[in-house]
Structure formats: structure tokens, C-alpha cells
Amino acid sequence: MRRRPAEYRRLARRRVSDWIWFLLAIFIFAGLVLFVVHHFHPVQSQPPIRENLPEPSKTPRKTLNLTKELLSSDSLARQLSDQMTLAKAYTIISKEHGNLKLAWEFSSQIRVCQKLLSQAATSSDPLTREQSDPLITRFAQLIYKAQDNHYDISTTLVTLKSHVNALEERSKSAISQAVKFGEIASESVQKGLGCLEIRVLEEWYEKKEIRKKADEMRNSPRLVDNNLYHFCIFSDNLMAINVVINSTVSNADHPQQLVFHVVTDRVRSKSFSSWFVLNDFKGSTIEVRSVEEFSWLNSSYSPIVKRMESNKNKNYLLKYLKFYIPEILPNLEKVVFLEDDVVVQKDLTQLFSVELRGNAIGAVETCLESYNRFYKYLNFSIPILSSKFDPQTCGWAFGVNVFDLISWKRNDITGRFHYWEEKNAELALWRGGTLPAGFLSFYGLVEPLDRRWHVLGLGFDLGIDERLIESAAVVHFSGHMKPWLKLAITRYKDAWYKYLDFEGRFVSECFDERE
């Protein structure tokens, strides 16, 4: 058989391979088309149809309010807290009875309980039974063990009562000590003040004209002239009195019409007289007397003097002289009393025009301060007080007071004062101080003054409004932080120091710098 030529055979193979390549190309092209369509033309599918079912409510996470838990009678935290309180009591009792092992077991469980409650409070997660049950069980076992050792409820109550009484006594003692230390600090004498008194006393003995001028002032007819404005100050602090008088005359429209009656002790009377003669107070009259001059003020007349004989403290008597003003100034009808820790910022002569309406004293009431009510100062468990006085009666303040001495004598205020001081001989009605005695002595005879006449608290209150201080006629450094002491409140010092002349002869010698 004759074979075909070679060129014919190659053409047939080429035709078959061409079909294969053609089909392959078609598949590749189709694949590319599908690829492009899939990636660049996605099918827009409709969102799934949702049934209109009610949306499930979201339950908020429950958080722990520890305060409410502790107040709730059925809470785990309350149960743990109560057991821990009882465990503390048994810890003390166990120690007192020498059972240190039981005391240590109680202490360790108390620490675990405190840690658990602290973690619950910080994480705001309520306590669970798994957390609290082991502690509750362990506390119950220990408490049963303590009771089994005869630490029964009666023993516990007696022990706790004795501890409470002991703590009360310690608290009272601490308060009493704090008051006493404050009084000592406020009455302390600066080194410069002692120097000043010595220097002016030297002038008194060296210069005869000073003694002569002081005698003239003591015998001046102005001292009994009721047409003038009379002020009385009782103190043993020369610089304090100087600031009071200087601030008063500096703010007065007519300082020549002012008369000051100063009473101190015998030791300082000469140095005080010398100081007020040597310095200019704008023509005002200043009388200095010593408390020892008042022969009528003796133990047979005054319960204060009788009490003072036991402690020999003249400063103690100076504080109570305000209750004897009619005897000290028998010829006057109206006076203004100023304490030595005040600073005058306005003309006080207008205070003499205030109508007292038959009352004996004009004073600024302190009802706005919750502490200043009668029951805060007086012991109303005593029948003699509870039957005559209302414990909610508004208190008032000494420091800046106008006295109608005619009404004083008519109502025998000094006799009232003596009566209540004798009743308080054992300090049963009040613990001490002049203010409670003033409340009782002037009861029903107090005329309230405008609060701006007398702003108190510069000796203890750090937050007095500056506008109130600026508008005040008198600011009072009541409290233990007196302006002449290092412990004074700094922001109030300028009100006091502005009336001290640090360039003056004696002040510059004795006071190196303002403290």
C-alpha cells in the first residue's frame, strides 16, 4: 500500500492540535469573563427579612451600693459587718483575759473580712454566698468558742461599757487640755512686749513730767463727762490695748471727744500710763488704773475674788471686770466695752446712738452659728436652769458691747451675776468662762445689734468672707490664734498690724521684725 506523502500527514496533526488550542482558549476566555463579572459586578442581594419580634430587653449589670447593703437587714455585707463588730469586742475581751490565741484568730478573720468588703466596694460587685459563707461560718465558730470560754453577753456588755466610759473620759480630758493649752498660748507674753514694758517703765521713773501728765489725766473732768464717748478696756497686754485705742481714734470723726478707761494690774499700770503719755492718740483722753485700787472688790463682796484667792491669778479677775462696770465708773450713764483682741474699722460714736429700749446691753447675736445656743454652754440637766431658761435661746457675744448703766443698776445685773456664780461654785452649771455667766445675768435684757457692728472669728475661722470683714465696724480675733502670736492666721494679720507703728522709738527697739 502506498503511503501518503509526509506533508499531508503533518497537516492532519496540525489541524487536531489547532482545535485543542482553540477549545482551551475558549475555556480560558470564559474563565476570565466569569472572574471579571464576579469581582467587578457583585450581585445586589436583598437583606434578609426580619420578623417583627420584640427586641429582648437588656438587663443592666447589678452593682453594689455598699452603704445600702450595710443598712439592709438581710444583706450579706450587713451580716459580715455585724459579726466583725462583735469579733472586735471579743478580741479586746480575749486579750484582757490572756487568751492571746483566740484574740489572734479573731484578728486574722477580721482582716480577711475587711479585705473582702473592701474588694466588694471597689469592684462594685455584690457579695456572693460562695464568698461570704466561709467567713460567716468561721466567725460563728469563733464567737461560739468565745462564749464557751464564759465571754457571755453580759460580760461583753460590761466590758464594752467600761471601754466606752474610759474613751469618754479620755475625750473630755483631751478637750480640756486643748482648751487649756490654747489659753496658755493666747496669754503668752512675747519677748518684745516684755522689752517694751521695761523701756517705757524706765521713762516713767526717769522723767518727772510723764508722771505729772499721767496724774493730770487721772484727775481730768472729762472722765465723768456724760457728753463725751466713753470706752472701757480691761487687759494686761500693752500692745493689744494700743491697737484697740489707736484703731478707734484713727477711725473716729472727732477723736477729741473720746475717753478711754483702761484697767490693768499694779505691775503694769505705770508702764501703761507712761506709754499713753508718750504717744499721741489724737487728743483723746486715756485713764489707766490698776485693779488693786478697787478696795470694794474683795472676797466678801465678789465670789470671783473669793475663788481667785485660791489661784492667785490677777488676769483671771481682769476677765470678769466687765460685770463690775457700774462700780468702776459710777458717774457714767452709757459706755462701750471693748475687748483687747478687737480692731476698730469705723466710727464707733454712732454706737452710742443705738436705742436699747430699756435693755442693759447691746450685743451682736450669734444665732447664725449653730454652736452658739444656750444649751451648748449650759448644763440643762440641772433643774434650776431647765425651769427658767429656754435651751434654744440665741446666744450673743462679748467683745463690742454698749451698756446702759442706768438700766444695769435698775435691774441689778451685778447681783444676778453674783447669784449665778455662787450657784456654779462646783462648776455644775457651766464649766467656765464669762460668756455663760453673761447669758444668765443679762437674760431678757439684751438688745440685738446689727451684725456689721461686730464680726467674730478671726482667731479661729479661716474662711470669713473678705467683704464681711471690710464692711465690719469692728473685727474680733476671738479664739486662740491672736494676731500678736506666731500661730495667728496670716490673712487677717494686716488688719491688726496696720495700727502698730514699727518705726516708733520703743517699738523699733524691742521688735526686730513683724512676725
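1. Basis of the values. The model is predicted: local features need pLDDT of at least 70, side-chain atom pairs count only at pLDDT 80 or more, and totals for chains, interfaces and linings use all residues. Residues are numbered from 1 along each chain as its sequence is written, and side-chain values use heavy atoms, with hydrogens and water left out.

2. Overall architecture. The protein chain contains 21 helices and 9 strands; helices (H or I, at least four residues) and strands (E, at least two) are DSSP runs, numbered from the N terminus. Of its 515 residues, 43% are buried, where buried means under 20% relative accessible area, exposed over 50% and partly exposed in between, with a 1.4 Å probe and protein chains only. Among contacts with a separation of 6 or more, 74% join residues 24 or more positions apart; contact means heavy atoms within 4.5 Å.

3. The disulfide. A disulfide is a pair of cysteine sulfur atoms within 2.5 Å, and by this rule the count is 1. The partners are cysteine 367 and cysteine 394, whose sulfur atoms lie 1.3 Å apart. Cysteine 367 sits in the loop between strand 6 (361-363) and helix 14 (374-377), and cysteine 394 in the loop between helix 15 (383-386) and strand 7 (400-404), so the pair ties together parts that are 27 residues apart in sequence.

4. Accessibility of the cysteines. Cysteine 367 is partly exposed at 24% relative accessibility, whereas cysteine 394 is buried at 14%. Two further cysteines may be noted. Cysteine 113 is buried, with a relative accessibility of 0%, and cysteine 232 is likewise buried at 0%.

5. Helix 3 with helix 5. The axes of helix 3 (residues 76-96) and helix 5 (residues 129-148) come within 10 Å and cross at roughly 30°. Axes are lines fitted to C-alpha atoms, for helices over the stretch in contact, and angles run from 0 to 180 degrees between N-to-C directions. The two helices are therefore roughly parallel to each other; angles under 35 degrees count as roughly parallel, over 145 as roughly antiparallel, 65 to 115 as roughly perpendicular and the rest as oblique. Helix 3 passes helix 5 in a left-handed crossing, a term used if the near helix is turned anticlockwise from the far one by less than a right angle, with right-handed used if clockwise. Residues in this contact include Leu80, Met84 and Ala87 of helix 3 and Ile136, Phe139 and Ile143 of helix 5. The contact residues comprise 12 nonpolar, 4 polar and 1 charged. Here Ala, Val, Leu, Ile, Met, Phe, Trp, Tyr, Cys and Pro count as nonpolar, Asp, Glu, Lys and Arg as charged, and the others, Gly among them, as polar.

6. Helix 8 with helix 10. The axes of helix 8 (residues 208-218) and helix 10 (residues 266-278) come within 9 Å and cross at roughly 90°. These helices are therefore roughly perpendicular to each other. On the helix 8 side the contact involves Ile210, Lys213, Ala214 and Met217, and on the helix 10 side Ser273, Ser274, Val277 and Leu278. By class, the residues of this contact are 5 nonpolar, 2 polar and 1 charged.

7. Valine 343 belongs to strand 5 (residues 342-344) and is buried at 0% relative accessibility. Its C-alpha atom is separated by 5.6 Å from that of valine 474, 131 residues away along the chain. Beyond residues up to four places away in sequence, valine 343 touches several others, including Val243, Ala473, Val474 and Trp496. Alanine 473 lies in the loop between helix 19 (466-471) and strand 9 (474-476) and is buried at 5% relative accessibility.

8. Serine 478 occupies the loop between strand 9 and helix 20 (490-497) and is buried at 13% relative accessibility. Glycine 444, in the loop between helix 18 (435-441) and strand 8 (446-448), is exposed, with a relative accessible area of 63%.
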